[in-house]
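I opened the model to look up its strands, helices, pockets and rings. My entries follow in the order in which I made them.

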Amino acid sequence: MKIKFLLIASAFLSVTACKTPLNIAKVSPEKNISLSKDLPEAQNFKDFIEPYKQEVEGKMNTKISHTAVDLNKQGDNSNLGNLLADYTFEGADDWAKKNGVPAGVDAAVINVGGIRSSIGAGDILTKHVYEVMPFENEVVIVKMKGSDLQGLFDYYLKTQKNNPVSHLYIETDNDKVIKGLVKGKEVIETQDYYIATSDYLALGGDNMAFFGKGELISTGLRLRDLFLDKFKANPEITAPKDIRLNFKNKKNRTDG
């Protein structure tokens, strides 16, 4: 009986609900509050973050080195590009010798697009390195057969792009690789070579697909931390001036 009553009550409510007119709540516009630089600061919040702000600014404005010349990334053999490529080589080489690669690394390749700023002549501050390298890229070593290094040389032939290198010499003329040297020597096809680069490039970034033929070795080193350590270790920077990329009859191709 109780169940029957509940069913009848439920049916009644359903019918009456269908006949009940829809009531629309009254909507009234409220005053908008605009956000602008003229809004007063929350003093409590400002007081809370001020010590941390001063600490960060103090670290960012700390002098770590000095350069007598502007360090920039323009040109096929830019002084900043070559310097950072050398630092990448040195950091990876040191790590490799301590971690099962007695002969160390053979060369280094980085990308000019990853260098986001230049460093003017004068004191080099911590913040300058953060501006140059704002990314959290890791140093990776790629173990490759000499025969697969032809892909690296062909990449530079095709793009004629000023991606910095260290311990490499690449010379092209028109549509040919005239010379490709590692540590000043011709490549031996059957030999293993260890190339230091970033995780971004090792995974094919900037169209560097040739790294896909190699074996990736993670170092755990952060490029920016490595650069910071290198600048600190060199109170006066000597900018590299040697020729590493020699594109004869360059056609200004950068379509990696």
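**Strands 7 and 8.** I looked up strand 7 and strand 8 (residues 185-186) and found them antiparallel, joined by 2 bridges. Strands here are DSSP runs of E of at least two residues, helices are runs of H or I of at least four residues, and both are numbered from the N terminus. I count two strands as paired if DSSP finds at least two bridges between them. Glu186 in strand 8 is opposite Leu181. The hairpin of strand 7 and strand 8 has 2 residues between the strands, and there Lys183 has a positive phi near 55°.

**Source notes.** The model is predicted, so I note its limits: local features need pLDDT of at least 70, side-chain atom pairs count only at pLDDT 80 or more, and totals for chains, interfaces and linings use all residues. Residues are numbered from 1 along each chain as its sequence is written, and side-chain values use heavy atoms, with hydrogens and water left out.

**Strands 6 and 7.** Strand 6 (residues 168-173) runs antiparallel to strand 7, with 6 bridges between them. Gly180 in strand 7 has Ile170 opposite. I then looked at the hairpin of strand 6 and strand 7, which has 2 residues between the strands. Asn174 is in this loop between strand 6 and strand 7. The phi of Asn174 is near 55°, which is positive although the residue is not glycine. Asn174 is partly exposed, at a relative accessible area of 36%. My cut-offs are under 20% relative accessible area for buried, over 50% for exposed and in between for partly exposed (1.4 Å probe, protein chains only).

**Largest pocket.** Which elements give two or more residues to the lining of the largest pocket? I first noted the volume of the largest pocket, about 180 Å³. The elements asked for are helix 5 (150-159) and strand 7 (176-182). Strand 7 gives the most to this lining, with 4 residues. Lining residues include Gly146, Phe153, Val177, Lys179, Gly180 and Glu186. The lining divides into 5 nonpolar, 4 polar and 3 charged residues. Nonpolar covers Ala, Val, Leu, Ile, Met, Phe, Trp, Tyr, Cys and Pro, charged covers Asp, Glu, Lys and Arg, and polar covers the others, Gly among them.

For the method, a 1 Å grid is laid over the protein atoms alone; a pocket is an open set of points with protein on both sides within 12 Å along at least five of seven lines, while a cavity is a set where a 1.4 Å probe fits but cannot get out, and lining residues have an atom within 4 Å of a point. Points are joined across faces, edges and corners, and the volume is the space filled by probe spheres set on them.

I traced an open sheet of 5 strands in the order 5-2-9-4-10, with mixed pairing. Strand 5 (165-166) and strand 10 (215-222) are at the edges with a single partner strand each, so one side of each has no neighbour in the sheet. Strand 2 (residues 107-109) pairs with strand 9 (residues 192-198) in the parallel sense over 2 bridges. Ala107 has Ile195 in strand 9 as its bridge partner.

**Two loops.** Asn137 is in the loop between helix 4 (126-132) and strand 4 (138-145). Asn137 is buried, at 18% relative accessibility. Its C-alpha is 6.9 Å from that of Tyr200, 63 residues apart along the chain. I also checked Asp206, in the loop between helix 6 (199-202) and strand 10. Asp206 has a positive phi near 60° without being glycine, and Asp206 is buried at 17%.

**Helix 3.** Helix 3 (residues 79-98) has 20 residues and spans 29 Å from first C-alpha to last, close to the 28 Å expected at 1.5 Å a residue. The expected span is 1.5 Å times one less than the number of residues. Gly100 follows helix 3 and has a positive phi near 90°.

**Aromatic rings.** I searched the whole structure for aromatic pairs and got 4. Phe210 and Phe211 have ring centres 4.5 Å apart and planes at 45°, so this pair is tilted. Rings of Phe, Tyr and Trp (its six-membered ring) pair if their centres lie within 6.5 Å, with planes under 30 degrees apart stacked, over 60 edge-to-face and the rest tilted. Phe210 is buried at 8%, and Phe211 is buried at 0%. Tyr155, Tyr156, Phe210 and Phe211 make up one aromatic cluster.
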